[in-house]
Amino acid sequence: MKRIFLFVSFLFLALFAHATGQTGDVIFIDGARWVLLGRPVTLDSVLYHDLKAVLPEDRPIVSSNWDGFTGYWSIQQDQLCLDSVKCDNYDSETQKLRGVSIPSDTLLRVFKNYVDGDRIVAGWLTGEIRVASGKVIYYQHIYFERNYEEEMMLSIDKGKVTGRKEYHNHVVDGFSFDKFNPDNNEELREMFPLHIERYPELTNEERIVFGIQRARVDAQGNLVECEVKVLKPNDNPLLAAEITESLKAYHPWRVFFINGEYSAKGIEGWTIPYPLGK
């Protein structure tokens, strides 16, 4: 069984097939190191262009860092500051990658409109940035689609940090389709029994395929609601309703508590081939 992203997600991947999980920048908050899940510099196209123009042309470009650089940030007197930019260069003598910092005077020239004393303040940035630390508890191999044990949302207004929201994320174990063994078709029928005899139109079918969207779980691992659509052989609202009830009857589902909300990651956004045992 393979995961297939439906609807918008499927189209997104088709258009941006090169997009993979990115490493992110680094930010220091109250002396602690966090991962900054984003690239604030890229949000201003002019700055982004000017910065790339001064980066080493031979810097390594890897699938986890398409820009070939990492920004290092800190919060100083409630200001989001860009402290340095580094690229990994290959040292032929040691045969290892080593971080090379862009000279400070070069950065000050590129960000001249945002220099405050000897600091570069992210005055071009208004919105929220997400920072994280600890273990990764959920991961998708695309851009910054992952969650960590500890996360913080920082509200930024023209470079000034105006608010912080801290979250302690965790997972309650249970069944989810991303953990399902695709070779055990019998298990799927046992876990989610259906009355196929009610549907004579499926007599010659070997399997059905259904998709799950808009799933919601509670803290105890109950599937509270979801939207099921039969994709193959064709749309069947009655069968979709029975599948929905069978899914809701199962317990427990895996539950993610992420940024203050219970999430059904691993349940929604899937197409499930369901064998009919013929």
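Lys-158 sits in the loop between strand E9 (146-157) and strand E10 (160-168). The model is predicted, so local features need pLDDT of at least 70, side-chain atom pairs count only at pLDDT 80 or more, and totals for chains, interfaces and linings use all residues. Residues are numbered from 1 along each chain as its sequence is written, and side-chain values use heavy atoms, without hydrogens or water.

**Positive phi outside glycine**

- Lys-158 has phi near 50°, a positive value in a residue other than glycine.
- Lys-158 counts as exposed because its relative accessible area is 62%; exposed means over 50%, buried under 20%, and partly exposed in between (1.4 Å probe, protein chains only).
- Tyr-143 also has positive phi without being glycine, with a value near 45°.
- The loop that holds Tyr-143 runs between strand E8 (127-139) and strand E9 (146-157).
- Tyr-143 is partly exposed, because its relative accessible area is 31%.

**Cis peptide bonds**

- The bond from Lys-232 to Pro-233 is cis, with omega near 10°.
- Pro-233 belongs to the loop between strand E13 (223-232) and helix H5 (237-249).
- A cis peptide bond also links His-251 to Pro-252, with omega near 0°.
- Pro-252 is placed in the loop between H5 and strand E14 (255-258).

**A buried loop residue**

- Leu-202 is part of the loop between helix H4 (185-191) and strand E12 (207-217).
- Leu-202 counts as buried because its relative accessibility is 2%.
- Leu-202 and Pro-233 are 31 residues apart along the chain, and their C-alpha atoms are separated by 8.1 Å.
- That pair brings together two loops: Leu-202 lies in the one between H4 and E12, and Pro-233 in the one between E13 and H5.

**Confidence**

- The protein chain has a mean pLDDT of 88, and 87% of its residues reach 70 or more; pLDDT is the predictor's confidence in each residue, from 0 to 100.
- Among the elements of the chain, E10 has the highest mean pLDDT, 98.
- Helix H1 (residues 7-15) has the lowest, 33.
- Over residues 1-18, pLDDT stays under 50.
- For residues 1-18 the model has 31 contacts beyond four places in sequence, a contact being heavy atoms within 4.5 Å.
- Where pLDDT is low, predicted coordinates should not be read in detail.

Key:
Helices (H or I, at least four residues) and strands (E, at least two) are DSSP runs, numbered from the N terminus.
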